[in-house]
Amino acid sequence: MDMANVTRILVSSLLIVGLTLLALVILAYVARRVERGVQTRAELLEDRRQQLITLVRAMRWAANVAILVTAVLMLLTTFDVNIGPLLASVGVLGLALSLGAQTLIKDYIGGVLILVENQYAVDDVIQVGEAAGAVESITLRATRVRALNGDLYVVPNGDVRIVANKTRGWSRALVDLGVAYEEDLDRVLRVLEESAGAFASDPR
């Protein structure tokens, strides 16, 4: 290997490493600025703020992986390594992993959509299939729902197709009230209206 070729490889390698480090630094700076902006938004609820921070960190991790993989491939090309077979092997491996972990990938995609669309948040009361209760936590993979009887449901986000949010915006309480047959219905309705009005005006 002649000196000119060594110099070319050295310069290219240093350039790739420098650009990779620069990209990682810029990405970290942007992610920190976005995360700080989310944390200082006073109008955001705390659970929504945590959701957005989780999403920002997940996107930063994915971007870091993409940058590092690209840098490694460029370095191999600089050293005249034929990356064609490597890419083919990686493609086959990626296909095998995607087929084996398609449920996990679906869960993560579902988690991202739940966080982006703000379908529900921590402390919301939801129903997903047979699971109904208060949301205790939301991650990219699963949602944890605590039922009234204390059961904890772990619902994979990929299985959240139809969700009923019982506390978003407003909700309705259905109350079954037993009334004796001999009671005057007009009086019953009047008492119910007075009780409902007192309940609605109670600040607690």
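Reader: What percentage of the 204 residues in the protein chain do buried residues make up?
Author: This is a predicted model, and a residue is called buried in it when its relative accessible area is under 20%. Taken over the 204 residues of the protein chain, the share of buried residues is 22%.

Reader: Which pattern of helices and strands does the protein chain follow along the sequence?
Author: The secondary structure comes to five helices and five strands. Written in the order in which they come along the sequence, these elements give the pattern α-α-α-α-β-β-β-β-β-α.

Reader: Is Thr 143 buried or exposed?
Author: Thr 143 belongs to strand E3, which covers residues 142-146. The cut-off for a buried residue is under 20% relative accessible area. Because the relative accessibility of Thr 143 is 1%, this residue counts as buried.

Reader: With which side chains does the side chain of Thr 143 make a polar contact?
Author: Leaving aside neighbours within four places in sequence, Thr 143 is in contact with several residues, among them Val 135, Ser 137, Ile 138 and Tyr 153. Two polar contacts of its side chain can be named as well, and in each the distance is 2.8 Å. One partner is the side chain of Tyr 120, and another is the side chain of Asn 157.

Reader: Which residues is Thr 20 in contact with, leaving aside its neighbours within four places in sequence?
Author: Thr 20 lies in helix H1, which takes in residues 3-40. Its relative accessibility is 12%, and therefore Thr 20 counts as buried. Once the neighbours within four places in sequence are left aside, the residues in contact with Thr 20 are Ile 67, Leu 68 and Ala 71.

Reader: How far apart in space are Val 34 and Leu 52, C-alpha to C-alpha?
Author: Val 34 is also a residue of helix H1, and with a relative accessibility of 39% it counts as partly exposed. In sequence, Val 34 and Leu 52 are 18 residues apart, while in space the separation from C-alpha to C-alpha is 9.6 Å.

Reader: What is the phi of Asn 118, a residue other than glycine?
Author: Asn 118 sits in the loop between helix H4 (102-117) and strand E1 (125-128). Its relative accessible area is 24%, so Asn 118 is partly exposed. Although Asn 118 is a residue other than glycine, its phi has a positive value, near 55 degrees.

Reader: Is Asp 123 buried or exposed?
Author: Asp 123 is found in the loop between H4 and E1, and its phi is positive, at about 80 degrees, although Asp 123 is not a glycine. A residue is called exposed when its relative accessible area is over 50%. Since the relative accessibility of Asp 123 is 62%, this residue counts as exposed.

Reader: How far apart do the centres of the positive and negative side chains lie?
Author: The accessible surface of the protein chain comes to about 14800 Å², and 64% of this belongs to carbon and sulfur atoms. As for charge, the chain has 20 positive and 22 negative side chains, and the distance between the centres of the two sets is 11 Å.

Notes:
Residues numbered from 1 in each chain as written. Predicted model: local features only at pLDDT ≥ 70, side-chain atom pairs only at ≥ 80, totals over all residues. Heavy atoms only, no water. Helix = DSSP H or I, 4+ residues; strand = E, 2+ residues; numbered from the N terminus. Buried < 20%, exposed > 50% of the residue type's maximum accessible area, 1.4 Å probe, protein only. Areas by Shrake-Rupley, 256 points an atom, 1.4 Å probe, with all protein chains shown as cover. Lys, Arg positive; Asp, Glu negative; His and termini not counted. Charge placed at Lys NZ, Arg CZ, Asp CG, Glu CD. Contact = heavy atoms within 4.5 Å. Polar contact = N/O pair within 3.5 Å; in protein donor to acceptor, adjacent residues only side chain to side chain.
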